[in-house]
Amino acid sequence: MTSTARKLLVAALAVVVLAIGGFAVWQSTTTQTGDGGGSGTALVGGPFTLVDQNGKTVTDADFRGRLMLIYFGYSYCPDVCPTELHKMTVALDMLNDGLDEVAPIFITVDPERDTVEQMKAYATLFHPNLIALTGTQAQTDAAVQAYRVYYKKVRGEETALDYLVDHSSFIYLMGRDGAYLTHFDSASTPEEIAAAVRDHL
Ligand code: NI
């Protein structure tokens, strides 16, 4: 092996190690349990006040007594959001009798374009029980912070309203008390989601 090739190999290995390390840190902050007092309470979740697709103000407290499946995204999302919301829809259809005990919730990270009317139209593409929530920028950011969601607008070169939003993509399962139970990612199947929900019914 030439010295140049060896340097390249070392550099490539360093990138892999950094990537694994970064993922581990990211994962531990995503799923970390413990609030400093060692109570085992997850750091994901918390209060929110938003507006549903019928214009009614709702808070997290309105869903106490039911499990919550919560997904953050935006209606203009070209691929990830429709895929995940469809997955949630299929999982909900597998619940049968347990369906009424679950509140499926979609929260936009793009309240600028996701008006109540827009959310109402978008929600019809998915499960009839889907609660589609928007709000002011401040209300949205409070919910985003509570759930440790990442999002960032990526401005296009065209009009001010033509942009994409990078965002984290997890479906959170929250308990009847609003506390974090688990989450699902792009690799999770509807069957896995339905099974995890059933475990907590
Ligand atoms: Ni999306």
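I took two strands as paired if DSSP finds at least two bridges between them. Helices (H or I, at least four residues) and strands (E, at least two) are DSSP runs, numbered from the N terminus.

This is a predicted model, where local features need pLDDT of at least 70, side-chain atom pairs count only at pLDDT 80 or more, and totals for chains, interfaces and linings use all residues. Residues are numbered from 1 along each chain as its sequence is written, and side-chain values use heavy atoms, with hydrogens and water left out.

**Sheet.** I looked up the partner of isoleucine 105 in E5 and found isoleucine 131 across the bridge. Strand E4 (residues 102-108) runs parallel to E5, with 3 bridges between them. I then traced the whole open sheet: 5 strands with mixed pairing, ordered E5-E4-E3-E8-E9. Strand E5 (131-133) and strand E9 (180-184) are the edges, each pairing on one side only.

**Helices.** Helix H2 (residues 80-93) packs against helix H5 (residues 190-199) at about 50°, with axes 8 Å apart. Axes are lines fitted to C-alpha atoms, for helices over the stretch in contact, and angles run from 0 to 180 degrees between N-to-C directions. H2 and H5 are therefore oblique to each other (under 35 degrees is roughly parallel, over 145 roughly antiparallel, 65 to 115 roughly perpendicular, the rest oblique). I listed the contact (heavy atoms within 4.5 Å): Lys87, Val90 and Ala91 of H2 meet Pro190, Ile193 and Ala194 of H5.

**Rings.** I searched the whole structure and got 8 aromatic pairs (rings of Phe, Tyr and Trp, its six-membered ring, with centres within 6.5 Å; planes under 30 degrees apart are stacked, over 60 edge-to-face, the rest tilted). Phenylalanine 72 and tyrosine 147 have ring centres 5.5 Å apart and planes at 45°, so the pair is tilted.
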